Amino acid sequence: KILLPAPLPFWLGLAVAFLLKPITLWLSRRLRFHRKGAAFAVMLLFYLLLGFLLWLLAAVLFQQGSDLVRSIPPFYDNSVRPLLHRGALLINGLLDDFSPQTARVLVEKSEEFGGSLSAAVTELSTATLTHAAAIAKKIPFWLTTIAFSILCSVFISMDYGTVVQFLLKLLPAKLQPVLLRCKQHLCGTLLRMLKAYLILLLITFLQLFLGFFLLDIEQPLLWATVLALLDFLPFIGTGLVLIPW
């Protein structure tokens with residue numbers, strides 16, 4: 001809890017440099033770039049593209065998410081409340097023929113439940129916006145961490161071999177072969193699994209976004225992102241939302 005956050009930018013930078021190392025090596029060999037120049041160019045293009053995509057995605061999700069949260073109370077007042085009222089009247093009409101006293105109690109309880117539910121919906125909408133504002137206050141801290149991580153990744157990528165050898169020398173000699181075998185296992189198995197899952201996640205997202213866009217569903221990007229993430233979780237799929245919808 002105490003030691004991990006301090007060198008976190010270094011480890012993030014090392015991870016990014018490790019993931020982009022194949023592209024750097026390919027660029028330096030095929031185009032005969034200098035190793036450090038190729039590393040700097042790859043890092044620059046990667047962060048420019050990533051920053052643009054994240055900014056675009058965050059802007060759209062924030063706008064659509066805000067619109068969705070604001071639309072919940074009117075949706076409840078215009079759709080859910082009348083539906084509950086009609087259901088209460090229907091049940092009241094059926095019970096009135098058998099027990100008028102029970103019908104009156106049911107009407108009173110349904111009105112109390114409707115008021116409580118309306119207040120809960122309003123509080124939920126307000127709490128969501130407040131929570132979003134609290135998260136926004138932490139943005140400067142994360143921006144600082146990201147800035148240091150970017151610097152670390154650039155410098156580590158330009159001297160990747162030297163940094164890795166330095167880290168290996170800090171470990172006992174007996175642990176070095178074990179660590180290298182673990183690295184080969186991670187690259188050969190887990191990274192391929194992660195790549196496969198990300199490809200499936202991207203396909204699901206594109207299918208959902210295209211379908212919502214063609215059906216003229218409001219906030220198509222927000223719904224496609226949420227459902228794609230739900231599909232990524234175990235035992236939960238898009239059908240859990242799409243079939244009732």
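Reply: Phe209 and Phe213 both belong to helix 6, which spans residues 175-214. The two residues are four apart, about one turn of the helix. This description, like all that follows, rests on a predicted model. The ring centres of Phe209 and Phe213 are 6.3 Å apart and their planes meet at 20°; since planes under 30 degrees apart count as stacked, the pair is stacked. Phe205 joins them, as ring pairs link Phe205, Phe209 and Phe213 into a cluster.

Phe213 has a relative accessibility of 54%, and because exposed means over 50%, Phe213 counts as exposed.

Helix 6 also holds Thr204. With a relative accessible area of 14%, Thr204 is buried, because the limit for that class is under 20%. Once its neighbours within four places in sequence are set aside, Thr204 is in contact with Ala228, Asp231 and Thr238.

Aromatic pairs number seven in the structure. One of them brings together Phe46 and Tyr47, whose ring centres lie 5.1 Å apart. The planes of Phe46 and Tyr47 stand at 65°, and an angle over 60 counts as edge-to-face, so this pair is edge-to-face. Phe46 has a relative accessible area of 29% and is therefore partly exposed.

A further feature is the packing of two other helices. Helix 1, residues 8-30, packs against helix 4, residues 139-158, at an angle of about 45°, and their axes are 7 Å apart. Helix 1 and helix 4 are therefore oblique to each other. The crossing of helix 1 past helix 4 is right-handed. On the side of helix 1, the residues that meet helix 4 are Pro9, Phe10, Leu12, Gly13, Leu14, Val16, Ala17 and Thr24. Their counterparts in helix 4 are Thr145, Phe148, Ser149, Cys152, Ser153, Ile156 and Ser157. Sorted by class, this contact between helix 1 and helix 4 comprises nine nonpolar residues and six polar residues, with no charged residues.

Notes:
Residues are numbered from 1 along each chain as its sequence is written. This is a predicted model: local features need pLDDT of at least 70, side-chain atom pairs count only at pLDDT 80 or more; totals for chains, interfaces and linings use all residues. Side-chain values use heavy atoms; hydrogens and water are left out. Axes are lines fitted to C-alpha atoms, for helices over the stretch in contact, and angles run from 0 to 180 degrees between N-to-C directions. Angles under 35 degrees count as roughly parallel, over 145 as roughly antiparallel, 65 to 115 as roughly perpendicular and the rest as oblique. A crossing is left-handed if the near helix is turned anticlockwise from the far one by less than a right angle, and right-handed if clockwise. Contact means heavy atoms within 4.5 Å. Ala, Val, Leu, Ile, Met, Phe, Trp, Tyr, Cys and Pro count as nonpolar, Asp, Glu, Lys and Arg as charged, and the others, Gly among them, as polar. Rings of Phe, Tyr and Trp (its six-membered ring) pair if their centres lie within 6.5 Å; planes under 30 degrees apart count as stacked, over 60 as edge-to-face and the rest as tilted. Buried means under 20% relative accessible area, exposed over 50%, partly exposed in between (1.4 Å probe, protein chains only).
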